[in-house]
Number of protein chains: 2
Amino acid sequence: MKESWSSVDTLETNFRPLVVIELAKGTKEETIEWFTKRIVDKKANGGAQLLIKPLVTENGNENIYLVGASHLRLLLGAENVGLVKECNDNSMRAFTYSSRKTFKDFADDNQNFLTMSECQYIIKHELENLRAKDEKMIPGYPQAKLYPGKSIVRRLLTNGILVQIFPLHDREELKKLRHTWYGQVKIGYQPLDEIRCYFGETIALYFGFLEYFTFALIPMAVIGIPYYVFAWEDYDKYVMFATFNLLWSTVILEVWKRICAVMTYRWGTLLMKRQFEEPRPGFHGVLGINPVTGREEPVYSSIKRQLRIYFVSVPFVCLCLYFSLYVMMIYFDLEQWALDYHEENKSHFSSLMLYVPSIIYAVVIEIMNRIYRYAAEFLTSWENHRLESSYQNHLILKVLVFNFLNCFASLFYIAFVLFDMKLLRQSLATLLITSQILNQFAESLLPYWLQKRHMKKMKERMHSLKMDTDLSLVEQVNSEKEMGTYLGTFDDYLELFLQFGYVSLFSCVYPLAAVFAVLNNITEIYSDALKMCRVYKRPFAEPTANIGVWQLAFETMSVISVVTNCILIGMSPQVNALFPDSKMDLILTVALVEHLLLAIKFVMAFVIPDKPRDIQIKLAKLEFESLEALKQQIIAEIPQEESLSLKRNTRMKMLLEMIWAGQEANETCG
Amino acid sequence: MKESWSSVDTLETNFRPLVVIELAKGTKEETIEWFTKRIVDKKANGGAQLLIKPLVTENGNENIYLVGASHLRLLLGAENVGLVKECNDNSMRAFTYSSRKTFKDFADDNQNFLTMSECQYIIKHELENLRAKDEKMIPGYPQAKLYPGKSIVRRLLTNGILVQIFPLHDREELKKLRHTWYGQVKIGYQPLDEIRCYFGETIALYFGFLEYFTFALIPMAVIGIPYYVFAWEDYDKYVMFATFNLLWSTVILEVWKRICAVMTYRWGTLLMKRQFEEPRPGFHGVLGINPVTGREEPVYSSIKRQLRIYFVSVPFVCLCLYFSLYVMMIYFDLEQWALDYHEENKSHFSSLMLYVPSIIYAVVIEIMNRIYRYAAEFLTSWENHRLESSYQNHLILKVLVFNFLNCFASLFYIAFVLFDMKLLRQSLATLLITSQILNQFAESLLPYWLQKRHMKKMKERMHSLKMDTDLSLVEQVNSEKEMGTYLGTFDDYLELFLQFGYVSLFSCVYPLAAVFAVLNNITEIYSDALKMCRVYKRPFAEPTANIGVWQLAFETMSVISVVTNCILIGMSPQVNALFPDSKMDLILTVALVEHLLLAIKFVMAFVIPDKPRDIQIKLAKLEFESLEALKQQIIAEIPQEESLSLKRNTRMKMLLEMIWAGQEANETCG
C-alpha cells in the first residue's frame with residue numbers, strides 16, 4: 001500500500017488529511033490497490049492526482065484511508081469546479097490558476113486561501129469524477145460492472161465496497177465557530193460567513209433563511225399580541241391584520257430573494273457556473289449512447305419515466321391523499337362518538353375518553369407520514385431520475401403535498417365544513433404548540449442527551465480525560481465515523497414551511513401563532529446549530545445560489561393563504577352582519593377582495609426586483625468588461641486579416657467573465 | 001469627398017451598397033468630411049472601417065450616401081455582433097473568424113455566407129457603435145455636444161443632421177420572396193425562413209406567431225360553428241365550450257414557447273448572446289460616471305425616474321382610465337336617451353338616432369386612443385429610460401392597459417352590470433367585426449391603393465415603362481427613401497392581443513368569435529405581407545429569441561378570461577336553474593370551479609417544458625462540450641505547474657461555447 005501513495009512527489013510532513021474514505025471490512029487487496037492507484041495517479045493517466053494514506057490504528061489497518069492533496073492540486077481543482085473568489089479590486093471573479101495573483105489574500109505560501117470546506121469540496125468533486133477507463137469491472141468484484149466514463153466512486157458505493165466518504169472536522173475551527181455561534185448568550189446575528197466557511201453555502205443559506213424568517217415574523221407577532229391581550233374580536237381589526245399579513249408575506253418572500261442574492265454574491269455562488277451534473281448513484285438503464293455526451297453509458301427512456309410518473313406515482317399520491325382524508329373523517333367520527341359517550345355517561349373515564357381520538361389521530365398521522373416518506377422515496381427512485389436534482393425535486397414535491405394535507409386537512413375541515421371558529425383556534429393552537437414542542441425535543445434535548453452519552457462513552461473508551469481538541473487523528477477519525485450523517489436541509493425547511501402554514505393560512509383567526517413561531521425559531525437556531533456542530537458528521541459543502549424549490553413552496557403557501565383568509569373573514573359574524581339582506585353580496589364582495597389581493601400580490605412580486613441594484617450593477621459591470629475586451633480584440637485583429645488565431649489569448653480570457661455575468665445584467669446600467 | 005472613401009484599399013467594382021444614409025440638406029461640408037472620415041477610418045483609429053460612396057443623381061449630390069463593407073470586414077463584424085450560424089456538424093455555434101472553416105456553406109469567396117439582412121444589421125451595429133473620441137462637439141455644429149464614448153450617429157440623429165439610415169431592398173430577392181409568400185394562391189405555411197433571411201427575426205417571428213395563432217384558433221372555430229348553426233343554448237354545452245377554450249388557450253400559449261424555441265434555435269438567435277445595450281437616443285442627463293462602464297456619460301438617477309413613474313405616470317394612466325370609463329357611462333346614458341326618444345316618437349328620424357350614440361362613441365374611442373398614445377409616448381420618454389428595451393416595455397404596458405379598457409369596458413359593463421347577455425353578444429359581434437373590417441381596410445386596401453398611386457407617380461417621374469427590377473440604383477434609392485418607415489411590430493401584436501380578448505374573454509357567450517378571428521387572420525397574413533414588401537422601407541433586421549412582453553400579455557389575458565367565463569356561466573339561467581334554492585351555493589360552486597381552473601392552468605404552465613426535448617439536448621450538448629474541454633485543459637496543465645498561461649488557447653476557445661449553452665441545459669441529458 002505504502003509505495004502507491006508515496007510515489008507522488010510530496011513531502012509526507014505536508015500531508016493534511018481532509019477527507020476520510022472507509023472501505024468495507026474484507027475488501028480484496030487487489031481492489032484496494034487498484035483504487036488507491038487510481039486516486040494518486042496523474043491526471044493525464046486518468047487519475048485524480050490526490051494524496052492518500054491509510055489510517056493505521058492500534059488494531060491494525062481498518063480499511064480507513066485519509067485523502068489530501070497538494071496546494072497546487074487544490075488550486076487547479078478550485079479552477080476546475082469553478083470556484084468564485086474575491087479579487088483585489090473587490091469584484092468577484094472565477095478563480096483561475098493563471099490569474100491567481102489578482103485574487104485577494106492569495107500568496108503562493110498561503111495555505112488558507114482556500115477554506116478547509118472548499119478543499120474538501122474540491123476533493124469530493126475530484127473523487128466523484130474519477131472515471132473508469134477501459135476497466136470492464138472493479139478488480140476483484142466481477143459483479144460490479146464498469147464502462148468507460150462511469151464514476152468509480154459511485155460504483156463502489158452502490159456495490160457496498162465503499163462504506164462512506166466524509167470530510168474531517170477541524171476541531172480548532174469548530175470550537176471557534178461554536179463559541180461565536182451559540183457559545184455565548186448574546187442577541188445578534190448569526191456568524192453566517194463563518195458558518196459558510198465551515199459548512200458550505202447550502203447550510204449557511206438555511207441558517208440565513210431561518211434567521212431572516214424569524215426577524216420577518218416579528219412584526220406579525222408584535223401586531224398579533226394586542227389581539228390576544230385585549231381579546232379584540234372586531235371585524236375591522238381582523239381584516240386589517242389579515243391584509244397586513246398577506247401583503248407582508250409577499251414582501252418578505254420577495255425581499256428574501258434580494259437578501260439571498262447579496263449573500264450568495266459575497267460567497268461567490270451567485271456567479272458560479274453550475275457544473276455539468278453527473279447521473280445519480282441509483283440511476284440504471286441499458287447501455288446506450290447519451291445524446292449529450294456522445295459517450296456510452298446507461299440510458300433510460302424519458303417516456304418510460306413520464307409513464308411511471310403519471311400512471312403510477314401520481315395515482316399513488318392521490319390515493320394516499322384520499323386515504324389521509326378518510327382517516328381524518330374517521331377521526332372526526334371518533335371525536336363525535338367520544339363526545340356523545342361523555343354526554344351520556346359524564347364519568348371520569350368518559351372525560352378521559354375525550355382525549356383518546358386526538359391521541360390516536362396524532363399517532364396515526366405520524367405513522368402515515370413515516371410510511372409515506374418511505375413510499376415516496378421508493379417511488380421516486382423507481383422513477384429512475386438521471387440527476388440528483390430532479391430526484392430531489394420530485395421527492396420534495398411528493399412529500400410536501402402529503403405533509404401539507406396531513407397537517408392542514410383537519411383545520412380546513414373544521415374551518416370550511418364545520419364552520420367552528422372556536423374549535424379552529426383551539427386545534428390550531430394545539431397543533432402548532434405540540435408540534436413545536438415535539439420538534440424541539442427531537443432536535444435539541446434528544447441530541448443534547450445523545451451528545452452527553454456519546455462523550456461519556458468516548459471518554460470511557462479512551463481511558464483518559466483529554467479535551468476533545470487534543471484527540472489524536474486516529475481517535476478523531478474513529479469518533480467521527482460513528483457519528484450520524486446529516487441528510488440535508490429537507491426536514492429543516494419542511495418544518496419552517498409547515499410553520500409558515502400555521503402562521504399564515506388562518507392568521508386572522510389566531511394572530512398569536514406568529515408569537516409562538518418566533519419563540520420556537522429562536523430556540524430552533526440554537527438547537528440546529530448544536531445539531532450541526534455536535535451530533536452529525538461534518539457534511540460536504542455544497543455550493544448553491546438560492547433555496548431552490550422552497551422559494552416556490554413558500555410562495556404557493558402565501559397564495560393559498562390569501563384564499564383561506566378571505567373565506568375566513570367572509571364567514572365571520574361581524575362581516576355577515578354588514579350584509580344583513582343578502583348573502584350573495586357578501587360572497588361577491590369577498591370574491592372581489594380576494595381577486596384584488598391576488599392581483600396586488602402578483603404585481604408586487606413583479607415590481608420588486610429579485611436582485612438589489614448594486615448587485616445588478618456589479619453583474620452588468622462584469623458583462624460589460626468582457627464584451628469590451630471582445631471588441632478591443634476584434635479591432636486589433638482587422639489589419640493583419642489572417643493568422644489571427646494566436647492573438648486571441650487575451651480575448652478568450654475575458655470571455656471567461658461573460659460566463660459569470662448574469663442574464664439580466666444587461667438591463668441595469670443607468 | 002471622393003478621396004475619403006477611395007482611400008480604403010478596396011476595388012470600387014466590388015462595392016455593394018447595403019445601407020443608405022441621408023443627411024439633411026445644407027449640412028456643412030466640414031461635418032460631412034469628418035463623418036465620412038470616421039466611417040472609413042481604421043478600427044484601430046476608432047473608425048468603423050466601412051466603405052462609403054456619395055450617390056450622385058442628375059440633380060447633383062443630394063447628401064445621400066451609400067454604405068458598404070468588404071467581405072472580411074463583414075465577417076469580423078458578424079463575430080462582433082455574436083451571430084450564430086450552423087456548423088458542418090449541424091450544430092449551431094457563434095461565428096468566429098478563426099473557426100470560419102467549420103461553418104456550413106462557408107468559403108472565402110462565398111459572398112452569400114451572410115445574408116444581405118445580416119450584412120445590413122452588422123453595418124447598422126458598426127455605425128451605431130461609432131463613438132466620439134476626444135471631439136467635444138460635432139464639427140460645424142457647436143450646439144451638438146459630444147463626449148468620449150458617445151455614439152456619433154445617435155447624436156447626429158437627435159440633432160437632425162442625419163435624416164435617416166435605412167437598408168436597401170434587394171429587388172431580385174424581394175420579387176422571389178413576394179412570389180413564394182403571397183404571389184401564388186396556395187394553402188400552406190408561410191416561407192418563414194425566407195422571411196427571416198430578408199426581414200430579420202423580429203418580423204419573421206411576428207408572422208410565425210400570426211400563423212401559429214391562426215392555426216390554434218381553428219379548433220375553437222370548428223367547435224364554435226355548431227353552436228351557431230344549431231343555436232345551442234344548453235348550459236352543459238356552453239360549459240364544455242368554455243372549459244375547452246380556457247385549457248386550450250393555456251396549451252397554445254405554452255406550445256408557442258416551444259415552437260418559438262425551435263424556430264429561434266434554427267435561426268441562431270436562441271443561442272445569441274445579447275449585446276450590451278446602448279442608451280437610447282432620447283436619453284439625457286448630467287455628465288457623470290456610469291457605474292457599469294466606468295466611463296463619463298450622461299447619468300440619470302434611477303430614483304428620479306421611479307418618482308416620475310409612480311407619482312406622475314401611474315396617476316395619469318389611472319386618470320385616463322377613469323376618464324375612459326366616464327365616457328363609457330355617458331355613452332350608455334346617450335344610448336338610453338336615444339332608446340327613450342325612439343319609444344316616444346317612433347319616427348324614421350328617431351330610429352336613425354338609435355345609431356348616433358354608437359357612432360359617437362366609436363369616434364370618441366378612436367380619438368381617445370390616439371391622444372392617449374401620444375401622451376403615453378411623451379410620458380414614457382419624459383421618464384427618461386436609459387435603454388430602448390425598458391422604454392418599449394413601459395410604453396407597451398401603458399398603451400396595453402388603456403386599449404384593453406377602451407375595448408372591453410363596455411362589454412364588461414353590459415355583462416356584469418346590466419346582465420344583458422343578448423346585448424353582450426350583439427355588441428361583441430359588432431365590435432369584433434367592425435374593428436376587423438376597419439383594420440383590413442387600413443392595412444390592406446389603403447396600402448394597395450397607395451401602392452398603385454405610388455407606382456403610377458414613379459413611372460410618370462421616370463418617363464419610362466421599365467420594370468421595377470430594372471431601376472437604376474439612383475432611382476431605387478430615391479423611390480425607397482420616400483417610402484414610409486415601418487415602426488415595428490407593436491400595432492400588429494396589439495391587434496392580435498385585442499382579438500384574443502374578443503375570442504377568449506366572452507367565449508361562452510359568442511362561440512362564433514373564433515370563426516371571424518380565423519377568417520380575419522388569413523387575410524391579415526396577406527395584407528401584412530403586402531405591407532412589408534410593398535408599402536414600407538425595408539426595416540433593419542433585429543435578432544430576437546422570443547416575442548417578449550407579448551407572451552406575458554397573452555398569458556395575463558388568458559387568466560382574466562378564466563374569471564370572466566366562470567362568472568358568465570354562473571349568470572346563465574340554465575346554471576341558475578340548477579341551484580333553485582340558494583344563490584349562495586351557486587356562487588360558491590362557481591368560485592370553486594374558477595379556482596380549480598386557475599390552479600390547473602398554473603400547473604399546466606409549470607408542467608409543459610418551455611423548450612422541446614431535442615433543443616434541450618442540443619443546448620446541453622454545447623454546454624457539456626465546453627466543460628469537457630475545460631477539464632481536458634486542466635489535466636494537461638498539472639504536470640508543468642508554472643508557465644501555463646500560454647497553453648490556455650484551446651481551452652479559452654472552448655469557453656466561447658459555454659456562452660451559447662443555455663442555463664437549464666444542464667438538466668436534460670438522459
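Trainee: Which residue takes a positive phi in the hairpin of strand 6 of chain B and strand 7 of chain B?

Mentor: Gly140(B), with phi near 95°, and the hairpin has 2 residues between the strands. Keep in mind that this is a predicted model, where local features need pLDDT of at least 70, side-chain atom pairs count only at pLDDT 80 or more, and totals for chains, interfaces and linings use all residues. Residues are numbered from 1 along each chain as its sequence is written, chains are lettered from A and ligands numbered from 1 in the order in which they are written, and side-chain values use heavy atoms, with hydrogens and water left out.

Trainee: On to helices. At what angle do helix 6 and helix 7 of chain B pack?

Mentor: About 150°, with the axes of helix 6 (residues 171-183) and helix 7 (residues 192-199) 10 Å apart. That makes them roughly antiparallel (over 145 degrees; under 35 is roughly parallel, 65 to 115 roughly perpendicular, the rest oblique). Axes are lines fitted to C-alpha atoms over the stretch in contact, and angles run from 0 to 180 degrees between N-to-C directions.

Trainee: Which residues meet there, between helix 6 and helix 7 of chain B?

Mentor: Glu173(B), Leu174(B), Leu177(B) and Trp181(B) of helix 6 meet Glu194(B), Ile195(B), Tyr198(B) and Phe199(B) of helix 7, where contact means heavy atoms within 4.5 Å.

Trainee: What about helix 18 and helix 20 of chain B, at what angle do they cross?

Mentor: Roughly 155°, and the axes of helix 18 (residues 549-571) and helix 20 (residues 583-607) come within 10 Å. So helix 18 of chain B is roughly antiparallel to helix 20 of chain B.

Trainee: Switching topic: how many salt bridges over all chains?

Mentor: 48, each being a side-chain nitrogen of Lys or Arg within 4 Å of a carboxyl oxygen of Asp or Glu. One of them joins Arg373(A) and Glu377(A), whose closest N and O atoms are 3.6 Å apart.

Trainee: Where do Arg373(A) and Glu377(A) sit?

Mentor: In helix 12 (residues 356-382) of chain A; they're 4 residues apart, so about one helical turn separates them.

Conventions
Two strands pair if DSSP finds at least two bridges between them.
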